[in-house]
Amino acid sequence: MEKVEDHVRALLAEHGFKLLEFSQITRNGTTQLRVVSDRETGSISVDECAMLTRELRHLIIEMKLVPDDFRLEVSSPGLDYPLREAWQFKKNIGRLLKVRIPGPKGPKEIRGRLAEYDEQAGLTLRTESQVHQFGQSEVLSAVVLPEFKSPVELKR
């Protein structure tokens, strides 16, 4: 039996999207499928999530991938979704990040702007006073921080 996740991944790839997370849970006879998707450049819109939901629903029914009644949720990763893949770091160069790395007294957080990312060298994070360089394997977690600009800054 082919895995539902493989079909979901293939359909997303046909449309230029990446599968970040897939879960399938059956409770009380209803299977719940949750798909988190994104793309390497740009973002995924609500309309694109709706389109993917329709196409995945059609695929699942047509191929009878789930035997029972099912619920399907397709979403974007959201701002607080952790960065894990190299393409996610590259996509967010120039953005403000919160990175957790191991420290001598336990994990420590560094907030700074992602200046560079290289799969071999890792990431370079600039704070107001320092430049930090970490290998990706040193990063315990990394998320993009929201940045809000005042109306005065937006007019510049």
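Where is the place of Ser75? Ser75 lies in strand β3; strands (E, at least two residues) and helices (H or I, at least four) are DSSP runs, numbered from the N terminus. This is a predicted model: local features need pLDDT of at least 70, side-chain atom pairs count only at pLDDT 80 or more, and totals for chains, interfaces and linings use all residues. Residues are numbered from 1 along each chain as its sequence is written, and side-chain values use heavy atoms, with hydrogens and water left out.

**Ser75**
- Ser75 counts as buried because its relative accessibility is 17%, and buried means under 20% relative accessible area (1.4 Å probe, protein chains only).
- Apart from neighbours within four places in sequence, Ser75 is in contact (heavy atoms within 4.5 Å) with Arg34, Val35, Val36, Ser37 and Cys49.

**Nonpolar cores**
- A nonpolar core is a set of buried Ala, Val, Leu, Ile, Met, Phe, Trp, Tyr and Cys residues joined through side-chain atoms within 4.5 Å.
- The largest such core has 21 residues, and Val8, Val35, Leu52 and Leu56 have the most contacts inside it.
- Two or more residues come from each of α1 (4-14), β1 (18-27), β2 (30-38), α2 (46-62) and β3 (69-75).
- Helix α2 gives the largest share of this core, six residues.
- A second, separate core of 15 residues includes Phe89, Leu114, Leu125 and Ala142.

**Aromatic pair**
- One aromatic pair (ring centres within 6.5 Å) is found in a search of the whole structure.
- Phe89 and Tyr117 form this pair, with 5.2 Å centre to centre and 10 degrees between the planes; it is stacked, the term for planes under 30 degrees apart.
- Phe89 in helix α3 (residues 86-91) and Tyr117 in strand β5 (residues 108-118) are 28 residues apart.
- Both Phe89 and Tyr117 are buried.

How values were computed. Rings of Phe, Tyr and Trp (its six-membered ring) pair if their centres lie within 6.5 Å; planes under 30 degrees apart count as stacked, over 60 as edge-to-face and the rest as tilted. Buried means under 20% relative accessible area, exposed over 50%, partly exposed in between (1.4 Å probe, protein chains only).
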